[in-house]
Amino acid sequence: MSQIVTREVPAELQQKLLGQGLTPLQARLYAARGIADSTELDYGLKGLLPYQALKNAETMARRLADAIAAGQRLLVVADYDADGATACAVAVKGLSALGATISYIVPNRFEYGYGLTPEIVELAAQKRPDIIVTVDNGIASVAGVEAAKARGIEVLVTDHHLPGDTLPDALIVNPNQPGCEFPSKNLAGVGVMFYVLMALRAEMRARGAFAGKPEPNLGELLDLVALGTVADVVRLDRNNRTLVENGLKRMRAGRMAPGIAALFRVAGRAHFKANTFDLGFTLGPRLNAAGRLDDMSLGIACLLSSNEEQAMRLAQELDKLNRERRGIEAGMQDEALAALSGVDAGNRYTLSLYRDDWHQGVVGIVASRLKERFHRPSIVFAPGDEGEIKGSGRSIPGFHLRDALDLVYKRHSGLILKFGGHAMAAGLSLDESRFDEFQRAFEAVARELMDEKQLTRTIETDGSLPARDVNLQLAETLAAEVWGQGFPVPYFHDQFLVVNQKLVGDKHLKLRLAREGCEFDAMLFNHADWLPERIQAVYQLIANEWQGRKELQVYLQHWAAA
């Protein structure tokens with residue numbers, strides 16, 4: 001069951017934005033998203049929050065500058081998702097440009113799991129580094145840092161995940177660590193690494209390291225920063241929107257890494273009209289496929305490649321892995337739905353599923369699909385190490401998944417072996433024999449923390465849009481903004497007459513809709529059944545381009561009989 005609500009529009013913000021020259025529709029949309037001043041829509045790089053506000057950024061910059069001056073060997077230890085891969089590429093490219101001797105490793109998720117573990121330290125030690133720099137991980141790596149110190153290897157942690165009760169004994173840059181007053185807590189791992197590089201360049205400038213030669217242009221890394229930020233689904237506050245918009249500008253102008261250009265080509269997307277949808281739903285999944293099914297070193301190699309032919313070859317391999325991932329995901333999703341066929345999901349607060357033949361690399365995506373379908377916090381498990389299972393969960397608004405797992409961990413001794421994550425996504429491991437116990441414990445915690453209202457899906461819209469305003473120009477204007485997590489793309493809600501409908505591609509409906517004397521072309525994806533004559537619809541305006549022609553299309557996101 002879904003409930004459609006119209007976003008609240010603070011009248012004082014709306015009036016202020018109108019007074020600053022925004023159109024009535026723009027003022028309404030931006031006020032509903034908390035924009036208090038039109039200057040917040042200026043995404044010039046000068047508007048970035050200062051690196052000085054990020055705890056330990058300047059201290060880490062001094063340490064890295066010393067290491068570069070002394071010719072010490074640096075080793076990046078990355079995470080195996082798109083944020084980790086882009087953060088690794090930013091670290092390697094940026095530190096190399098600043099004169100560092102640097103290499104990298106990325107754990108294979110099936111052999112080593114997540115983060116700087118003692119096992120990864122053992123692997124890293126073979127490269128004889130003086131310093132390990134973690135990207136997109138490390139805040140929970142207490143044992144790993146101790147193992148590195150025992151080998152005489154220093155560790156510098158750059159991360160953005162929430163800390164646990166105990167921090168590793170290392171220099172840490174993380175906006176979410178205790179005592180950090182950085183105004184944005186939403187930096188992705190790649191954003192944190194980019195900020196460390198800004199601090200390092202300033203430190204080296206102060207030391208005269210660039211005397212008589214040009215400074216490295218860190219702006220050349222913003223395509224990677226944009227991709228990792230959007231793919232990691234962090235909140236797009238103004239600071240993140242600034243990073244993403246400037247990365248998108250580079251892509252549209254063709255000034256991007258060969259690996260990113262190759263990913264656009266294999267996906268069949270035009271880089272000159274790049275947007276956040278491309279990054280989150282086209283490039284990101286292809287990059288993530290390497291970490292899910294194989295080894296993210298393939299994805300990092302693609303991002304780091306300076307050769308167009310090599311980049312294209314690697315991007316094609318990533319595209320092939322992504323097609324394989326989609327096939328595995330579809331099979332697991334069908335099996336999950338079959339397992340739930342005898343379960344009344346409406347009477348449950350959570351969904352926890354496990355099969356011993358499921359693929360560990362795809363459990364997060366299947367959990368996301370179940371969450372979307374049933375609007376319940378969902379965790380999907382697959383076999384991990386011997387006797388253990390590993391799960392990935394996705395949550396719904398109002399239910400902090402990591403905090404819920406923390407409650408289960410504290411109340412049931414030894415039940416959860418390891419866990420970590422955010423409000424909306426988390427991972428964990430437990431003994432296979434205790435899956436049923438976990439299922440019951442997780443359900444009990446959810447019933448404490450949620451009420452039935454939260455189990456009703458809420459679809460937020462920006463209300464009705466006059467038919468005369470539904471046009472290509474508005475669609476193009478909306479497409480130019482950096483919409484995403486925490487700054488949602490505008491959806492509208494109105495009643496339509498279905499003038500015509502036909503099935504295309506065996507599973508999509510192409511529609512002709514009418515309203516207030518105007519007619520519009522529309523699409524309803526992944527729906528093959530005919531619609532009634534009159535519908536209430538939640539919709540998005542799209543500037544569709546086909547064979548060199550642009551035209552308006554209305555994409556239906558939700559519908560019901562009028």
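Which residues does Pro175 touch, not counting residues up to four places away in sequence?

Analyst: The model is predicted. In it, Pro175 touches Leu54, Asp159, His160, Cys180, Phe182, Ser184, Lys185, Leu187 and Val192, leaving aside residues up to four places away in sequence. Pro175 is found in the loop between S6 and H7. Its relative accessible area is 0%, and because buried means under 20%, Pro175 counts as buried. For a sense of distance across the chain, Pro175 and Glu432 are 257 residues apart in sequence, and their C-alpha atoms are 35 Å apart in space.

Asn174 lies in that loop too, between strand S6 (171–173) and helix H7 (189–206). Asn174 is also buried, with a relative accessible area of 0%. With residues up to four places away in sequence left out, Asn174 touches Ile139, Asp159, His160, His161 and Cys180. The side chain of Asn174 has a polar atom 2.9 Å from the backbone oxygen of His161.

Another cysteine, Cys518, is partly exposed at 26% relative accessibility. A search of the whole structure finds zero disulfides.

Most residues other than glycine have a negative phi. Val233, in the loop between helix H8 (222–231) and helix H9 (238–252), has a positive phi, near 55 degrees. His375 also has a positive phi, near 55 degrees, and is placed in the loop between helix H14 (363–374) and strand S8 (378–383). Their exposure is as follows: Val233 is exposed, with a relative accessible area of 52%, whereas His375 is buried, at 9% relative accessibility.

A helix elsewhere in the chain can be described from end to end. Helix H4 covers residues 82–97, and its 16 residues should span 22 Å at 1.5 Å a residue; the end C-alpha atoms are 22 Å apart, which agrees. At the N-terminal end, Asp81 caps H4, with a side-chain oxygen 3.3 Å from the backbone nitrogen of Asp83. After H4 comes Gly99, whose phi is positive, near 100 degrees. Between its ends H4 is mostly covered, since 13 of its 16 residues are buried.

Along the principal axes, the C-alpha atoms fill a box of roughly 75 × 60 × 50 Å. Buried residues make up 51% of the 562 residues, and Asn174 and Pro175 are among the buried ones. Of the contacts between residues at least 6 apart in sequence, 65% join residues at least 24 apart. The accessible surface comes to about 24,400 Å², and carbon and sulfur atoms account for 47% of that surface.

Note on methods:
Residues are numbered from 1 along each chain as its sequence is written. This is a predicted model: local features need pLDDT of at least 70, side-chain atom pairs count only at pLDDT 80 or more; totals for chains, interfaces and linings use all residues. Side-chain values use heavy atoms; hydrogens and water are left out. Helices (H or I, at least four residues) and strands (E, at least two) are DSSP runs, numbered from the N terminus. Buried means under 20% relative accessible area, exposed over 50%, partly exposed in between (1.4 Å probe, protein chains only). A polar contact is a pair of N or O atoms within 3.5 Å; within protein, one must be able to donate a hydrogen and the other to accept it, and residues adjacent in sequence count only if both atoms are side-chain atoms. Contact means heavy atoms within 4.5 Å. A disulfide is a pair of cysteine sulfur atoms within 2.5 Å. Accessible areas come from the Shrake-Rupley method with a 1.4 Å probe; for residues, only the protein chains shown count as cover. The expected span of a helix is 1.5 Å times one less than its number of residues.
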